[in-house]
Amino acid sequence: MSRTSTASSVLVIGAGVIGHACALALQRRGCDVVMTDPDQAGSAASWGNAGHIATEQAQPLASPATLRSAPGRLYAFGGPLSLRDPLSIAPWVWRYLRACRPHTYERGRVALRGLLAQALPAWRHLAQTLEQPQLLRETGHWVCWESAGAAARGRAGWDGSDTGDTRFQTLADGDLGALRAASSAPIHSGIAFSGTAQIADPRRLAAALQARFLADGGERRYDRIERLRSDGGGLVASTAEGETLRAQRVLVCAGVRSRALMASLGIHAPLVAERGYHLQWAEHRWPDLPPVVFEDRSMIVTRFEGGLRAAGFVEYAHADSPPDPGKWRRLRLHVAELGLPVRGAHSRWFGARPTLPDYLPAMGRSARVPGLHYAFGHQHLGLTLAAISGELLARSMSGESDGTELAAFDLDRFGG
Ligand SMILES: Cc1cc2nc3c(=O)[nH]c(=O)nc-3n(C[C@H](O)[C@H](O)[C@H](O)COP(=O)(O)OP(=O)(O)OC[C@H]3O[C@@H](n4cnc5c(N)ncnc54)[C@H](O)[C@@H]3O)c2cc1C
């Protein structure tokens, strides 16, 4: 890096969907970009998620309503929510409770809604840039319930929610019939959203992003960055192998691991690992439906080109804690109870959503460390917000914007 470092060069740390989207947007503005990430297997949350472009989720999960519903959503009572290492996340919980105050929530809602309004147009543009417009499937998604009571409660919840620029209506009889025919699930009713979308396949997305990055002159490295330090005219990144990379500008996009990298520069990023699990079957007879949320089970089922994926759970844990096999067993049970038409072996995955206490991302430039930029903390919406995050970051880094469009996402909102 030191030999190529120029005023237009950027070192991007983390090659997840956020790192890639930022890198491509920077390249479009003439920057030389080096991106480093040790993950060669594609095991990051960016590729293990549910593939849903969730533009309907305009309400930050740091909200009075989420807080009220938390006891009923606990894993112990059949819900998705578990706290594996409660003591280690106590300071995060304290900040979360503060972020749930009505006025803070309301400020966050306005900021998140504004980002989500730009998310789908930005994805259309990114898919065009990748020369793969069909990667983005604008089919909407469905939410369904298994009993009249759950349907009444669920529908009332959505009727009272801010769903951004999306719309929903009662699931048509034909669609309900298709859902019932595809499984033996006792589906009572559902709603169909428009204005949401799906990524056709996470593996294809990863390959397309990487191919574009390399074709546009990017350099891909596989170093894990252990720490950063400021050094006169720039920043120095130390790799796990003891090498140093020098860059005038560094963009930290390392998901939940961004916390340690920022800490090495004395900056506190109160990220927590909010982990989820999935099972995927290559063999199945699930029809070509949009993503389906089985809301009573807090599970989403997405048909990708590479197989049928069932995903769920919100597990607050230390990023390095081993997975809880009970979560996979419960997912398997849901799939069996719903009679989803899967066959043969399945793969298992778990990974971390990078989540800040107010459920808004952190994006911007550091006021304290010259040359340091960051984009992380996209919680449940990293795939959804990747394309617009890349655009906004690149606009800020190239001086096209004065920074006001990212003001709500400044990490300094946590007080350093
Ligand atoms: C079960 C589940 C389902 C989800 N479903 C959806 C969905 O449907 N829609 C949606 O929008 N979002 C969804 N999400 C959330 C989404 O996946 C995340 O918000 C998103 O992946 C965050 O992307 P990222 O690039 O910031 O982080 P990551 O995907 O975690 O990528 C970070 C990268 O940085 C690398 N890295 C870490 N440390 C270092 C280091 N020191 N040096 C170099 N590289 C490093 C890692 O190897 C990794 O590749 C889901 C998440 C989960 C867990």
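Domain bounds are taken here from an automatic or database domain assignment. On this basis the protein separates into domain 1 (9-46 + 204-270 + 359-414) and domain 2 (55-198 + 271-355). The structure is a predicted model, in which local features need pLDDT of at least 70 and side-chain atom pairs count only at pLDDT 80 or more, while totals for chains, interfaces and linings use all residues. Residues are numbered from 1 along each chain as its sequence is written.

The centres of the two domains, taken over C-alpha atoms, are separated by 26 Å. Their contact draws 31 residues from domain 1 and 31 residues from domain 2, two residues being in contact if their C-beta atoms, placed from the backbone, lie within 7 Å. On the side of domain 1 that touches domain 2, two or more residues each are given by α1 (17-28), α8 (202-215), α9 (258-263) and α11 (382-397); helices (H or I, at least four residues) and strands (E, at least two) are DSSP runs, numbered from the N terminus. This side of domain 1 comprises 18 nonpolar, eight polar and five charged residues, where Ala, Val, Leu, Ile, Met, Phe, Trp, Tyr, Cys and Pro count as nonpolar, Asp, Glu, Lys and Arg as charged, and the others, Gly among them, as polar.

The ligand lies between domain 1 and domain 2, because both give residues to the shell around it. Of the 40 residues around the ligand, those that come nearest are Gly-14, Gly-16, Gly-255, Gly-276 and Gly-382, a residue being near a molecule or strand if its C-beta atom, placed from the backbone, lies within 6 Å of it. Elements that contribute two or more residues to this shell are α1, α2 (45-48), β15 (272-284), β19 (342-355) and α11. By class, the shell holds 18 nonpolar, 17 polar and five charged residues.

Helices α1 and α11 pack against one another at an angle of about 35 degrees, with their axes 8 Å apart; axes are lines fitted to C-alpha atoms, for helices over the stretch in contact, and angles run from 0 to 180 degrees between N-to-C directions. Residues of α1 in this contact include Val-17, Ile-18 and Ala-21, and those of α11 include Gly-382, Leu-383 and Ala-386. The residues of the contact of α1 with α11 comprise 13 nonpolar, three polar and one charged.

Ser-82 is located in strand β4 (residues 81-83). With its neighbours within four places in sequence left aside, Ser-82 is in contact with Tyr-75 and Glu-315.
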